[in-house]
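Here's a short tour of one protein model. Have a look at the structure first, then read on.

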Amino acid sequence: MGFLCCFIAYSLLYSIAKGDVFGKDQPIILVLLDIPPMLPVLDGVVMELQDCALPLLREVIPTDKVEVGFKDLDAAILVGSMPRKEGMERKDLLKANVAIFKTQGAALEKYAKKTVRVLVVGNPANTNCLIASKSAPSIPKENFSCLTRLDHNRARSQVAMRCGVPADAVKNVIIWGNHSSTQYPDVHHAMVNVHGKEVKAYDAVKDDSWLKGDFISTVQLRGAAVIKARKLSSAMSAAKAICDHMRDWWFGTLDGEFMSMGVYAGGNSYGIPEDLIYSFPVHIKNKSWNIHDGLTVNDFSRAKMDATAAELVEERDTALSFLSQ
């Protein structure tokens, strides 16, 4: 739990505390929850946050107690999880994380506001999010989400670089499914602003084989590529994605744009099994997300959307078997 949580959180806290996420006029109280061995490190982080002299930051509370860490929260960002260790079976990883997110869900249920917005980052993020939600039955399922915005940003950036335009000239890429190597980065509905004119991504890129091949695998495997290069997981980019996700949840998406979020699949119109946390294109208004309906799904996309759903169903069923033990 220590390093991954620590590096992402360290990159994240300054942005939140200076108003980049919840607004430039919103005072902030940061509650930092970690395992007991990490408390001395947290004390150092608290000192650094104090030394930033940030006008919005009212208080920083370091703790290893869930009753303190989850009390009256408006927003909870669950960054830490049990990372996969060498030789560890996937089911063992799921079992360890079920225990963590069952505890955190129960703490949200008992101590947090019922209006709390919860973002799960720790992997396997979709299934961890589902377990947390099931462990907090009085908090609406719609208040739980998992992070696929990093994948979304990666897809957006890859298309932008390919077209030689800034990243904000690309909109409406989609990440479908699991935050894993089965995720489906889809640009069939994406638009690219080229010289002031919006064109479809496929027309802007002019390379269908790349978009259906290397583009998809690059986004799917980007996290592993970062680890191989820097010997550490993505931290700066993950923190930026967390900020993007929470800011959009708080202030809404732009008209005509949708973003990717791992959300509860109940009632979706895309034929995805209901009792999953699955990444969809969403638009957000008044802190409420809605899945963007009505997008055409071709056979290529359908197969990839179903494959990542199948992985999530298997993860869910394994995790629920541990939850009931």
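## Who touches Thr 308?

Keep in mind that this model is predicted. Leaving aside residues up to four places away in sequence, Thr 308 touches Trp 176, Gly 177, Asn 178, Thr 182, Gln 183 and Tyr 278. Thr 308 itself sits in helix α12.

Is Thr 308 buried or exposed? Its relative accessibility is 0%, so Thr 308 counts as buried.

## Polar contacts of Thr 308

Two of those neighbours are worth a second look. The side chain of Thr 308 has a polar atom 2.9 Å from the backbone nitrogen of Asn 178. With Thr 182, the link runs side chain to side chain: a polar contact of 2.9 Å joins Thr 308 and Thr 182.

## How α12 meets α4

Now zoom out to the helix that holds Thr 308, which is α12. Two packed helices are described by the angle between their axes and the distance between the axes. Helix α12 covers residues 299-323 and helix α4 covers residues 90-111; their axes come within 9 Å and cross at roughly 60°. That angle is why α4 counts as oblique to α12. As for handedness, α4 passes α12 in a right-handed crossing.

Which residues make the contact? From α4 come Arg 90, Lys 91, Leu 94, Lys 95, Val 98 and Lys 102, while α12 brings Glu 315, Thr 318, Ala 319, Phe 322 and Leu 323. Sort the residues of this α4 and α12 contact by type and you get five nonpolar, one polar and five charged.

Methods. Residues numbered from 1 in each chain as written. Predicted model: local features only at pLDDT ≥ 70, side-chain atom pairs only at ≥ 80, totals over all residues. Heavy atoms only, no water. Axes fitted to C-alpha atoms, helices over the stretch in contact; angles between N-to-C directions. Helix = DSSP H or I, 4+ residues; strand = E, 2+ residues; numbered from the N terminus. Parallel < 35°, antiparallel > 145°, perpendicular 65-115°, else oblique. Left-handed = near helix turned anticlockwise from the far one by under 90°. Contact = heavy atoms within 4.5 Å. Nonpolar A, V, L, I, M, F, W, Y, C, P; charged D, E, K, R; others polar. Buried < 20%, exposed > 50% of the residue type's maximum accessible area, 1.4 Å probe, protein only. Polar contact = N/O pair within 3.5 Å; in protein donor to acceptor, adjacent residues only side chain to side chain.
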